[in-house]
Amino acid sequence: MSETLRVPTMAEMMANGEKPDILFWVGCSGSFDDRAKKITKAVAKILQRAGVKFAVLGAEESCSGDPAKRAGNEFLFQMQAMMNIQVLDGYEVKKIVTACPHCFNTLKNEYPGLGGNYEVVHHSQLIQELINNGQLRLMGGGTFKGKRITFHDPCYLGRGNGEYEAPRALIEKLDAELVEMKRCRSRGLCCGAGGAQMFKEAEKGNKEVNIERTEEAIEVKPEIIATGCPFCNTMMTDGVKNFEKEGEIHVLDIAELIAQAEDL
């Protein structure tokens, strides 16, 4: 990150005798993928604007183990999880925010079985909380006023954890026109990256899943497809490019929408 977006690590805070209120778990995509790094920066800017005292693990953050578990390698998952739990407990972490629903699901629901117990929130939930308690104020009526925005539900946030409202509430705060795809909320269609598919060859079939999902999005004539997962963002962006619609339809994460609306 640039000097203007300086985020401390847990180790740096500990060395200074400080302790953050929340750990920002960045995830592999948000750390290494150039497109997803923009989502990471948007989240960090929002947390800074809201005055949240937070830190990252930096080089001490490893894979959550989600891909290994979804691919059936339980041994590797448990090894990765237990190493992470040792690091998190060493810093006495109590609350974690992440922009990746895969990390969110794993940290929230699967780490407790291995002794890792934390309050884990998705970034859309935290941003909504910051707005509700007055720490973050959205002016509305700005960049996205009247824009047709459709939201693609990430499987591990929606169907996996029942969170459908927080991202939609944020879109409504932008004074945008929220338009729903025919398959949304509990009936939402996967983008095709889940279950470790992001890292595997496509399976046999007549059509890529992200192409079908993008077709559904295009049907509602959005100006923006909003996502809440870096993997969904990649899959939907590729889908939009497949239909040569990248000049008409933008794919943006919820955090990017908020950050751009507030000119962060």
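**Close-up views of a predicted model**

**View 1. Strand S7 sends its side chains both ways, and they end up buried.** In this predicted model, Ile224 and Ala226 of S7 point one way, while Ile225 and Thr227 point the other, and all of them are buried. Take a look at what sits beside this strand. S5 and S7 are joined by three bridges and run parallel. Threonine 150 is the residue standing opposite isoleucine 225 of S7. Then there's S8 (residues 250–253), which runs parallel to S7 and is joined to it by four bridges. Here isoleucine 224 has histidine 250 in S8 as its bridge partner.

**View 2. Four strands line up as an open sheet.** In what order do the strands of this open sheet come? It goes S2-S1-S3-S4, with parallel pairing. Strand S2 (54–55) and S4 stand at the edges with a single partner strand each, so one side of each has no neighbour in the sheet. Further in, S1 (residues 22–25) runs parallel to S3, and three bridges join the two. You can pick out tryptophan 25, whose bridge partner in S3 is threonine 98. Helix H6 (residues 101–110) packs on the sheet and touches S1, S3 and S4, with its direction at about 160 degrees to that of S4. H7 also lies across S1, S3 and S4, but this helix runs at about 90 degrees to S4.

**View 3. Lysine 95 has salt bridges to two glutamates.** One partner is glutamate 119, with the closest N and O atoms 3.8 Å apart. Why does this pair tie together separate parts of the chain? Lysine 95 belongs to strand S3 (residues 95–98) and glutamate 119 to strand S4 (residues 119–122), so the link joins parts 24 residues apart in sequence. The other partner is glutamate 129, at 3.4 Å from N to O. Glutamate 129 sits in helix H7 (residues 123–132) and lysine 95 in strand S3, so this pair ties together parts that are 34 residues apart in sequence. Are these side chains buried or exposed? Lysine 95 is buried, at a relative accessible area of 16%. Glutamate 119 is partly exposed at 44%, and glutamate 129 is partly exposed too, at 33%.

View 4. Arginine 168 makes a salt bridge with aspartate 153, and their closest N and O atoms are 2.8 Å apart. Arginine 168 is in helix H8 (residues 165–173), while aspartate 153 is in the loop between strand S5 (148–151) and H8, so the pair ties together parts 15 residues apart in sequence. Both of these residues, arginine 168 and aspartate 153, are buried. Follow the shared partners and you get one network made of Asp153, Glu165, Arg168, Glu180 and Arg185. Across the whole structure there are 21 salt bridges.

**View 5. Here is the largest nonpolar core.** This core has 39 residues, and Leu47, Phe54, Ile127, Leu136, Ile171, Leu257 and Ile258 have the most contacts inside it. At least two core residues come from each of S1, helix H3 (34–49), H7, S5, H8, strand S7 (224–227) and helix H11 (254–261). Which element gives the largest share? That's H3, with six residues. Zoom in on isoleucine 258: apart from its neighbours within four places in sequence, it is in contact with Ile46, Ile127, Leu136, Leu138, Leu170 and Leu174. There's also a second, separate core of 28 residues, which includes Leu23, Ala81, Leu88 and Cys232.

**View 6. Serine 64 is tucked into a loop.** You'll find serine 64 between S2 and helix H4 (66–70). At 4% relative accessibility, serine 64 is buried. Which residues are in contact with serine 64, leaving aside neighbours within four places in sequence? They are Trp25, Phe77, Ala81, Asn84, Cys103, Thr106 and Tyr111.

View 7. H10 (residues 230–242) has 13 residues and spans 18 Å from its first C-alpha to its last, close to the 18 Å expected. Its buried residues are Pro230, Phe231, Cys232, Asn233, Thr234, Met235, Met236, Gly239 and Val240. After H10 comes glutamate 244, with a positive phi near 55 degrees.

Notes
Residues numbered from 1 in each chain as written. Predicted model: local features only at pLDDT ≥ 70, side-chain atom pairs only at ≥ 80, totals over all residues. Heavy atoms only, no water. Salt bridge = Lys/Arg side-chain N within 4 Å of Asp/Glu carboxyl O. Buried < 20%, exposed > 50% of the residue type's maximum accessible area, 1.4 Å probe, protein only. Pairing = 2+ DSSP bridges. Contact = heavy atoms within 4.5 Å. Axes fitted to C-alpha atoms, helices over the stretch in contact; angles between N-to-C directions. Core = buried A, V, L, I, M, F, W, Y, C linked by side-chain atoms within 4.5 Å. Expected span 1.5 Å × (residues − 1).
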